[in-house]
Amino acid sequence: MSQKVDSSIVIKNEDGHLTFEIDEKSPVNVKQKQAFHGLYRALVNNMVVGVSEGYKKEMELVGVGYRVSNQGNLIEFSLGYTHPIFIQLPKEVKVETKSERNQNPVITLESCDKQLLGMICAKIRSFRMPEPYKGKGILFKGEVIRRKSGKSAAAK
């Protein structure tokens, strides 16, 4: 993995530890240098953790008739539309789908790239955003949706 770093940040490798320092001679203003310092340190840290441990996200499809299946890195969703939705994942992402009787279907995504994994999860979630009235949609595992009461409670 690689990451481009702004010229106002100096990276040093000392005894296997990466240190990030602000270059005082850089023409960028101080606040921007500090923001870059934290940003690039976090991005490189995410890359190191991703390569050593990896990242894993689980998503759950909540709704009657919502189904998911995969063949390799091609995922097929049935989300109540008139047509199935297909999404081809990059080779860096491993996917596993699980559908058990009387349980919501679960998608497990694994990758070493946290940014790519987050973008894919956001794209999948955009197919059916969780809604507050019935609680249906594509949720992250363990996520709690704040529920609204609807029309009948307002009439009383």
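Q: Which residues of helix α1 are called buried, and what makes them so?
A: In this predicted model, Lys 33, Phe 36, Tyr 40, Val 44, Met 47 and Gly 50 are the buried residues of α1.

Q: How do you know whether the length of helix α1 agrees with its number of residues?
A: Helix α1 covers residues 30-52, which is 23 residues. At 1.5 Å a residue the helix should span 33 Å, and its end C-alpha atoms are 33 Å apart, so the two values agree. Just after α1 comes Gly 54, with a positive phi of about 90°.

Q: Why is His 37 called partly exposed?
A: His 37 belongs to helix α1. Its relative accessible area is 25%. Buried would need under 20% and exposed over 50%, so a value in between is called partly exposed.

Q: What does His 37 touch, leaving aside its neighbours within four places in sequence?
A: His 37 is in contact with Ile 9, Phe 20, Glu 21 and Ile 22. Take Phe 20 as one of these: it is 17 residues away along the chain, yet the C-alpha atoms of Phe 20 and His 37 are separated by 6.8 Å.

Q: What makes β4 and β6 edge strands?
A: The open sheet they belong to has three strands in the order β4-β5-β6, paired antiparallel. β4 (67-71) and β6 (85-88) each have a single partner strand, so one side of each lacks a neighbour in the sheet. On average, neighbouring strands here are turned by 20° against each other, direction ignored.

Q: How do you know that β4 and β5 count as paired?
A: Five bridges join β4 to β5 (residues 74-78), and the two run antiparallel. Pairing asks for at least two bridges, so β4 and β5 qualify. Val 68, for example, has Phe 77 in β5 as its bridge partner. Helix α2 (residues 114-127) packs on this sheet, touching β5 and β6, and its direction makes about 175° with that of β6.

Q: Which residues touch the most other members of the largest nonpolar core?
A: They are Phe 77, Ile 107, Leu 109 and Ile 124, in a core of 22 residues. Two or more residues each come from β3, β5, β6, β8 (106-111) and α2. The largest share, six residues, is given by α2. Another core of six residues lies apart from the largest one, with Phe 20, Phe 36, Val 44 and Met 47 among them.

Q: How does the radius of gyration of the protein chain stand against that of a compact globule?
A: A compact globule of 156 residues would have a value near 15 Å, but this protein chain has 21 Å. The C-alpha trace spans about 65 × 45 × 25 Å along its principal axes. Of the 156 residues, 28% count as buried.

Conventions
Residues are numbered from 1 along each chain as its sequence is written. This is a predicted model: local features need pLDDT of at least 70, side-chain atom pairs count only at pLDDT 80 or more; totals for chains, interfaces and linings use all residues. Side-chain values use heavy atoms; hydrogens and water are left out. Helices (H or I, at least four residues) and strands (E, at least two) are DSSP runs, numbered from the N terminus. Axes are lines fitted to C-alpha atoms, for helices over the stretch in contact, and angles run from 0 to 180 degrees between N-to-C directions. Contact means heavy atoms within 4.5 Å. The expected span of a helix is 1.5 Å times one less than its number of residues. Buried means under 20% relative accessible area, exposed over 50%, partly exposed in between (1.4 Å probe, protein chains only). A nonpolar core is a set of buried Ala, Val, Leu, Ile, Met, Phe, Trp, Tyr and Cys residues joined through side-chain atoms within 4.5 Å. The radius of gyration is taken over C-alpha atoms; the globule rule is 2.2 Å times the number of residues to the power 0.38.
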